[in-house]
Amino acid sequence: MDEQELKDRSKAAGQMIASQNYEAALQLLVTVTASGQADAIDWNNLGTCYRRTARMPEAIDCFRKASTLDSAGIVPRHNLGHSLREMGFLDEAAQSYEAILRIDPTYEAAWRELLRIHSSRKDSETTAQIMVRCYEALGPVKGKELTVSGVGVGAAEAATAGMSEQEQNTVATFLKKRQ
């Protein structure tokens, strides 16, 4: 297959993904990636097709490959983190979101997901540290807004939902030290 035909297949697959025809796009992208000439976008798109057709292990492999090919790529890392979180691999998902924040410390979705992961674990110390880092990176207004949206319900209580009173106090103490 020549280079132009690969580009045409890749473009057609992108259009199929946009119209949610994931199986057809997957078939095209399998041939593109098998050529050895696929780029990070092709691998990310193939991962999206696998994820949308409930083939998570394959999706994760594709998102890892896309992340390797594009060392500054945020989208494949976000998709990787999302897929890992869905599969219950929370430590690896958190690492993926942390990698995004090393590239772009203002990437709000990564902050939101880190807050969700750590607050769901009821890890008050780590949640508080992430809240502080989020506030520092985005400013207090955006940081508070993100904390609320990242973990659900209302401001500080959202990040600490389900935590013991002692754990909630740990979060409050971390935040007060930063004000």
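What pLDDT does the chain average, and what share of the residues score at least 70? The chain averages a pLDDT of 84, and 78% of the residues score at least 70; pLDDT is the predictor's confidence in each residue, from 0 to 100. This is a predicted model, in which local features need pLDDT of at least 70 and side-chain atom pairs count only at pLDDT 80 or more, while totals for chains, interfaces and linings use all residues. Residues are numbered from 1 along each chain as its sequence is written, and side-chain values use heavy atoms, with hydrogens and water left out.

**Figure 1. The chain and its helices.** The chain has eleven helices and zero strands (DSSP runs numbered from the N terminus: H or I of at least four residues for helices, E of at least two for strands). Buried residues make up 44% of the 179 residues in the chain, where buried means under 20% relative accessible area, exposed over 50% and partly exposed in between, with a 1.4 Å probe and protein chains only. Of the contacts (heavy atoms within 4.5 Å) with a separation of 6 or more, 47% join residues 24 or more positions apart.

**Figure 2. Helix 3 and its neighbours.** Helix 3 has 13 residues and reaches 18 Å from its first C-alpha to its last, close to the 18 Å expected (1.5 Å times one less than its number of residues). Because eleven of these 13 residues are buried, helix 3 is largely enclosed by the rest of the structure. Among the buried residues of helix 3 are W43, L46, C49 and Y50. The buried residues of helix 3 pack against helix 1, helix 2 (22-34), helix 4 (56-69) and helix 5 (74-86).

**Figure 3. The second largest pocket.** The second largest pocket has a volume of about 160 Å³. A pocket is an open set of points on a 1 Å grid over the protein atoms alone, where a 1.4 Å probe fits, with protein on both sides within 12 Å along at least five of seven lines; lining residues have an atom within 4 Å of a point. Grid points are joined across faces, edges and corners, and the volume is the space filled by probe spheres set on the points. The lining includes E3, L6, V32 and D42. Helix 1 gives the most to this lining, with four residues.

**Figure 4. H78 in helix 5.** H78 lies in helix 5 and, at 18% relative accessibility, counts as buried. Not counting residues up to four places away in sequence, H78 touches Y97, I100, Y107, A109 and E113.
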